[in-house]
Amino acid sequence: MTWASAPAPRAVPLSRLTDSFLDGTSSVYLEELQRAWEADPASVDESWDNFFRNFLGQAAPAAGLSGQTIQESMQLLLLVRAYQVNGHMKARLDPLGLDDRAVPEDLDLANYGFTDADLDREFFLGVWKMSGFLSENRPVLTLREILSKLEQAYCGPIGFEYMHIPDRDKCNWLREKIETASLNQYQKDRRLVMLDRLIWSTQFENFLATKWATAKRFGLEGGETLIPGMKEMFDRSADLGVENIVIGMPHRGRLNVLGNVVRKPLSQIFSEFAGGTRPVEGEDGLYTGTGDVKYHLGTSYDRPTRGGKRIHLSLVANPSHLEAVDPVVVGKTRAKQFYSDDADRTKNMGILIHGDGSFAGQGIVYETLHLSALPNYTTGGTIHIVVNNQVAFTTDPRAGRSSQYCTDVAKAVNVPIFHVNGDDLEAVVRVCELAAEWRQTFHSDVVVDLICYRRFGHNEIDEPSFTQPKMYQVIKNHPNSLKLYEEKLLGTGEVSKEDVQRIHDKVNRILNEEFAKSKDYVPNKRDWLAAYWTGFKSPEQISRVRNTGVKPEVLKRVGQAITTLPEGFKPHRAVKKIFEQRAAMIESGEGIDWAVAEALAFAALIVEGNHVRLSGQDVERGTFSHRHSVLHDQETGAKYCPLDHVVMNQNEELFTVSNSSLSEFAVLGFELGYSMENPNSLVLWEAQFGDFSNGAQVMFDQFLSSGEAKWLRQTGLVVLLPHGYDGQGPEHSSSRLERFLQMSDDNPFVIPEMDPTLRKQIQECNWQVVNVTTPANYFHVLRRQIHREFRKPLIVTAPKNLLRHKECKSNLSEFDDVEGHPGFDKQGTRFKRLIKDRNDHKEVEEGINRLVLCSGKVYYELDEERKKTERNDVAICRVEQLSPFPYDLIQRELKRYPNAEIVWCQEEPMNMGAYTYISPRLYSAMKSLGRGSFDDIKYVGRAPSAATATGFLTVHVQEQSELVNKALQPEPIKFP
């Protein structure tokens, strides 16, 4: 076959070549393929056939190609690919120049059979429809030109990692941006804006350092380009349609971000430095909580952008537990998208700033990344910025991670990673803008790895030379990024020394003016993060109890909606039967079980216009196969969710129920963030078993139990923790109820004012812990979360065997608001904090000689035993709300049974469960009525134990029957 007679070539985009030739560097392979093709073009894959025609059909006529072989053409393409894959390994990323990475072999010319003698040979690159400089329509380039372009694109101050993304369109989009013919040079006016922003960032830290030399402020020195980078990123985002940005970040640089990016008033920041926020005079807003250190606080402001838009920024308050805020930010962003009808997720965006040590070290980073593309958790992409100091507190990277980069974890979700030298301001701005463009184009996460350094130690009073002597020797003599940028601009003649000085003087003047103002700064009445919170009460403002009953006709109507399935839908036989039984419950108004009560609570809230969101592992069906909120057609696999059809034309997200990924920490954090955005939403997270909730312990300790006290942020999040001893062993019995009670902040020795119409006690506590025993009471406690003028987290130790217990049923009349129906009292129908004995006892019953107080499902076992043994001299009361403690109702029952021995009965071991919480509070209630001493509280339950429960079923059964029998034994109970 001659060159001339080759068929007319068809250009093939490289992205279409399906064979793996880009990975195979074996020249033997290529030669064999070429020989096979020459013998019979049909014997190779079509893509190779096109490839050889393309090359062999074009290459001959071009003069001066000095006998380029197909072998060399292939090797050249492999060289280009090597730079795309590994060029970042040769990039100049470390501002300190301490980086001693070996240059990968595959960037070496010799590897591809070329020598220096080939540098000025011209090579034909083909007429690919390939992105990047290969698409320049200059098919012939010298090897020197090709190399210089590759070095400029991939080995400068930016290292691009994107070839791991298994999507050609995304890779080609990035190539277009990276392999440009000439790098985008910024105009003089843009450079002046960048300079101004870098001066602000640098002077802010210098100013704090001079005014408060010994204060811990976790300054940004060494990473000052973060501020102009973020500002340019936000400007670009606003141009592309973003209106709201939620930011989460650690302590380093936080004050600088607050002052310069979010625009928190500088006088306020300075005032906090001088000794913190004093409470406002006057009645409103007296509640300041316990406060937190200044580098944990959040805020929110509107800021104008360079393009003339306005963008709303909120920085979420966070603890020192690094990365714990990540899922909270993502959840809050998702809620903003729901409330602003941002269906394509382009108006609201989350930005997370990380440290290098924590991004690689904290598992929550991975858990949060894995929410990024899940339908009910995605936010259309989060931008991650790693402020990479190249040292974590005192730990070197090689001791802190096993991978080359701290950002390698993000490759798990196929996102691009841009490493940038933090000393090169324009490179930083370039990747920050590129990240914003990527996020708005592809709606997925993206990582910017800002490689900088920490001029001082972990904080300003730390000595870093103890552990990094060489690094700090270099840092000591290293000019800051502002000096480098000023020299660059002075060198090009674009600005004069006077221009630079003018900006310095302006910034200094404003900083000093704000400092003077800070001395008289009085903080405003606390402001809620979101506008939806106006009108909600803080703990010192009076809030009345509200009725949670629902009109009978509404209950019937929604009851029918949630038990009706569409025509032709074929659910599983067993599920069909369950729904027929549910319809019968609604029709007769009797025997309402747990799942129906929950569905009625959700449906009634939806009818009132509230958003309901339930999430967690396996929540759609329910761990115990009781909920069935999403049904699956057994033939087509189609899904149907009855609660999506409660009102006409219901927004499909108004009720959301979603199985989550197998994570506690991130998913609970996500729902917490979601619940903080708008108070008119019931947001619930359910653990698969309560035992597993401690996988999210940081969320409970740092955010949920103390967020209002530290940061004045309320949340009405509901946490459902299945709990109960039924012989399933030590990891399927206990939600660790004692921990939640131990974190409750009410004083056991002070009985608060207990006005029956007010909710002062609940307003002043940090959260509520309940162990509910009837479907109706569960219905009311869920509705109570929304029907009040404040928000508190609710911890529910949810039942397991009560879900189907024959006695654990309620009548529909206990759910409604009709006078005379059970549960209706002076305030209407509402949640019962204590359920009195089911025998209709008078106000005083002198013949009762034992009062057993208990909580949760052990009540049903005690009641059954009482019936069997006909112990009519024993009263059993259920404490449904453990915290805050119902002193008033306990006192009422103590008065009712003046001669009764007082017993606390629980299933849990003595060192667990509610006993240690209940006993001092029960003692306070008894003391106020002159009813004996601490020793008069008799404990009945399991003995102290290290494990929550036994793993032997026979032992469990024996322990359970012993404690039930002991609580009802005829003779007095000996304890201690």
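Reply: D817 has a relative accessible area of 24% and is therefore partly exposed; buried means under 20%, exposed over 50%, and partly exposed lies in between, with a 1.4 Å probe and protein chains only. The model is predicted, so local features need pLDDT of at least 70 and side-chain atom pairs count only at pLDDT 80 or more, while totals for chains, interfaces and linings use all residues. Residues are numbered from 1 along each chain as its sequence is written, and side-chain values use heavy atoms, leaving out hydrogens and water.

The side chain of D817 meets that of K551 in a salt bridge, at 4.0 Å from N to O. The term denotes a side-chain nitrogen of Lys or Arg within 4 Å of a carboxyl oxygen of Asp or Glu. D817 lies in the loop between β18 (794-798) and β19 (824-825), K551 in the loop between α17 and α18 (552-563), and the two are 266 residues apart. Helices (H or I, at least four residues) and strands (E, at least two) are DSSP runs numbered from the N terminus. K551 is also partly exposed, at 46%.

A second salt bridge joins E598 and R627, at 2.6 Å from N to O. Because E598 belongs to helix α20 and R627 to the loop between β11 and β12, this pair ties together parts 29 residues apart in sequence. E598 is buried at 3% relative accessibility, and R627 is buried at 6%. The loop between β11 (611-616) and β12 (631-632) also holds S625, which has a positive phi of about 55° although it is not a glycine. S625 is partly exposed, at 25%.

Helix α20 (residues 594-607) packs against helix α26 (residues 775-786) at an angle of about 25°, with the axes 8 Å apart. The two are thus roughly parallel, a term for angles under 35 degrees. Axes are lines fitted to C-alpha atoms over the stretch in contact, and angles run from 0 to 180 degrees between N-to-C directions. E598 is among the contact residues of α20, as are W594 and F602, while α26 contributes residues including Y778 and R783; contact means heavy atoms within 4.5 Å.

Terms used. Angles under 35 degrees count as roughly parallel, over 145 as roughly antiparallel, 65 to 115 as roughly perpendicular and the rest as oblique.
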